[in-house]
Amino acid sequence: LEKYLEIIDSLECGTVFVTSDASSNKATIQFRQGENGCEILATTKGNDSEFVNYFDGLYLYSGTDELTRNEAGELDPTIVKRNLIGAPDYAIDSEWYDEEKSRIYKTLTGYKIVIVTHEEELAYEDNPDTTLTLYLDKNMVPTKATIEDEIFGENMRIYTYKTTLKYDGIGIEPRFVVPTIAE
C-alpha cells in the first residue's frame with residue numbers, strides 16, 4: 001500500500017483513461033503541475049452528456065457548461081489527486097487493507113502491485129474484497145490499473161465490477177484549457 005501511494009503521489013503529469021463495467025461512461029483525466037500544485041481536469045462522457053471536474057490545486061469545480069465551486073471548501077490536494085488519478089478511498093484505506101493478500105510481483109514487462117481491501121465491519125462471514133492492481137513498467141511508471149469490486153447480490157451471490165485505468169503520457173505535460181468557472 002505504501003509503495004502504491006508513493007508512486008501515485010510522485011506522478012507530476014500525464015493522462016489517465018477510465019472505463020468501468022458498471023456504466024457506459026468513459027473518463028479522461030489530465031493532470032499537470034499548476035500554480036497551486038497538481039491541476040487536474042477530468043472529463044466524463046456518457047451517452048449524450050459530458051460532465052467536467054476541475055481541481056486547481058485547492059478547490060474542486062464541477063459542471064457541464066459552466067463549472068461551479070464545490071461547497072466542501074479547500075480540499076487536501078494529495079487525497080484529491082489519489083482519488084482522481086488513482087483509486088477511490090475505500091480501495092486504499094489503511095484500516096481495510098489486507099496485508100496477507102496484498103503483494104508486489106515482478107512480471108516480464110515490469111512489476112505489478114496488488115492491494116486487497118475489505119470492510120471488516122460487515123456482518124457477513126466472507127466480506128467482499130476490492131482488489132486494486134497497478135501494472136508498472138521496468139522503471140516503475142504506471143501503465144494500467146484495475147479495480148475489481150465484489151458486491152453481494154441475490155442469494156449471497158458475489159458479483160464483480162471492474163474499473164480500468166490506462167495511464168498514457170506519464171511525465172508529458174498535457175495541454176488543456178481551464179473550463180469557464182461561474183462567478
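**View 1. Lys3 sits in helix H1.** Elements here are DSSP runs numbered from the N terminus, with helices (H or I) of at least four residues and strands (E) of at least two. This is a predicted model, where local features need pLDDT of at least 70 and side-chain atom pairs count only at pLDDT 80 or more, while totals for chains, interfaces and linings use all residues. Residues are numbered from 1 along each chain as its sequence is written, and side-chain values use heavy atoms, with hydrogens and water left out. With a relative accessible area of 30%, Lys3 is partly exposed; on this scale, buried is under 20%, exposed is over 50% and partly exposed lies in between (1.4 Å probe, protein chains only). Setting aside neighbours within four places in sequence, Lys3 is in contact with Ile104, Ile113 and Met140, contact meaning heavy atoms within 4.5 Å. From C-alpha to C-alpha, Lys3 and Ile104 are 9.0 Å apart, although 101 residues separate them in sequence.

View 2. Met140 isn't a glycine, yet its phi is positive, at about 65°. Its relative accessible area is 24%, so Met140 counts as partly exposed.

**View 3. Leu1 belongs to the segment before H1.** Its relative accessibility is 11%, so Leu1 counts as buried. Neighbours within four places in sequence aside, Leu1 is in contact with Ile92, Ser94, Tyr97 and Ile115. Take Ile115: it is 114 residues from Leu1 along the chain, but their C-alpha atoms are separated by 6.4 Å.

**View 4. H1 has four buried residues: Tyr4, Leu5, Ile7 and Ile8.** Look down the helix axis and these buried residues fall within an arc of 160°, so they line one face of H1. (The arc is taken from the directions between the helix axis and the C-beta atoms.) An α-helix has 3.6 residues a turn, so residues three or four places apart point the same way. What covers the buried residues of H1? The cover includes H2, strand E8 (110–117), strand E9 (130–137), E10 and E11.

**View 5. Val80, Lys81 and Ile85 are buried in H2.** These residues take up an arc of only 100° around the axis, which puts them on the same side of H2. Packed against the buried residues of H2 are H1, E1, E2, E3, strand E4 (50–55) and E11.

**View 6. The largest nonpolar core brings together 31 residues.** A nonpolar core is a set of buried Ala, Val, Leu, Ile, Met, Phe, Trp, Tyr and Cys residues joined through side-chain atoms within 4.5 Å. Tyr4, Val16, Leu134 and Tyr167 have the most contacts inside the largest core. Helix H1 (residues 2–10) gives the most to this core, with four residues. There's also a second, separate core of seven residues, with Leu41, Tyr54, Tyr61 and Leu67 among them.

**View 7. The largest pocket has a volume of about 410 Å³.** Pockets are found on a 1 Å grid over the protein atoms alone, as open sets of points where a 1.4 Å probe fits, with protein on both sides within 12 Å along at least five of seven lines; lining residues have an atom within 4 Å of a point. Points are joined across faces, edges and corners, and the volume is the space filled by probe spheres set on them. Of the 24 residues lining the largest pocket, Val18, Ser20, Pro88, Ile147 and Thr163 are the closest to its centre. Which element gives the largest share of the lining? That's E2, with five residues.

**View 8. Gln30 is part of strand E2 (residues 23–34).** At 18% relative accessibility, Gln30 counts as buried. Residues up to four places away in sequence aside, Gln30 touches Gly14, Thr15, Glu39, Ile40, Leu41, Pro174, Arg175 and Phe176.

**View 9. Thr43 is placed in strand E3.** Thr43 counts as buried too, with 16% relative accessibility. Not counting residues up to four places away in sequence, Thr43 touches Lys26, Ala27, Thr28, Glu50, Phe51 and Val52.
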